[in-house]
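Here is a friendly note to read beside the structure. Take the points in order and find each residue as you go.

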Amino acid sequence: MKRPQIIDRSNDEHFMREALALAGEGAALGEVPVGAVLVQDGRIIGRGFNCPISRHDPSAHAEMVAIRDAALQVENYRLPGSTLYVTLEPCSMCAGLIVHSRIQRVVYGATEPKAGVAISRGQFFAQDFLNHRVLVEGGVLGEECGAVLSEFFRQRRQQAAREPEQS
């Protein structure tokens with residue numbers, strides 16, 4: 001019989017704030033403001049923010065960048081016992097990577113009603129065909145994470161309205 005896992009949630013807000021700071025870095029570059037940090041043994045081993053535009057890479061989501069960074073840091077493609085903090089509910093691409101890299105836990109801020117697969121558009125991590133189980137918790141600083149995204153898109157709409165139409 002498996003022993004129940006003891007999860008330390010005491011630093012969840014701290015690490016989510018680190019992810020929010022990274023989201024701000026992405027926004028400053030014109031990227032959709034999503035940030036992520038990967039934590040193992042209480043320390044950040046990977047950092048990332050959305051950068052598909054600047055890197056010309058459709059896979060450069062915050063989670064992907066943070067997981068790649070962490071794998072390089074620990075020199076292992078498997079990251080057991082780690083927790084990924086991300087400001088937005090993961091999409092299907094990132095969810096697959098999370099499972100394949102054996103991340104223990106995902107903590108996200110805002111839900112993503114269009115493409116999120118933790119709860120919004122399905123429950124990917126609960127699928128019985130997966131060979132690794134990921135604990136998922138949402139809503140940590142959810143309002144703050146959502147507000148950052150809403151403000152970014154509000155500013156984008158305002159900018160688009162001010163630009164003259166192209167003939």
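How many aromatic pairs does a search of the whole structure find? The search finds four, where rings of Phe, Tyr and Trp (its six-membered ring) pair if their centres lie within 6.5 Å.

1. First, some ground rules: this is a predicted model, in which local features need pLDDT of at least 70 and side-chain atom pairs count only at pLDDT 80 or more, while totals for chains, interfaces and linings use all residues. Residues are numbered from 1 along each chain as its sequence is written, and side-chain values use heavy atoms, with hydrogens and water left out.

2. Now look at the rings. Phe124 and Phe125 make an edge-to-face pair, 5.6 Å centre to centre with 85° between the planes; planes over 60 degrees apart count as edge-to-face, under 30 as stacked and the rest as tilted. Phe124 also pairs with Phe129, at 6.5 Å and 80°, so this pair is edge-to-face too. Phe124, Phe125 and Phe129 form one aromatic cluster.

3. Is Phe125 buried or exposed? Phe125 counts as buried because its relative accessibility is 7%, whereas Phe129, at 59%, counts as exposed. Buried means under 20% relative accessible area, exposed over 50%, and partly exposed in between (1.4 Å probe, protein chains only).

4. Turn next to Met16. Beyond its neighbours within four places in sequence, Met16 is in contact (heavy atoms within 4.5 Å) with several residues, including Tyr85, Val107 and Cys145.

5. Finally, the whole chain: 45% of the 167 residues of the protein count as buried. The C-alpha trace spans about 65 × 30 × 30 Å along its principal axes.
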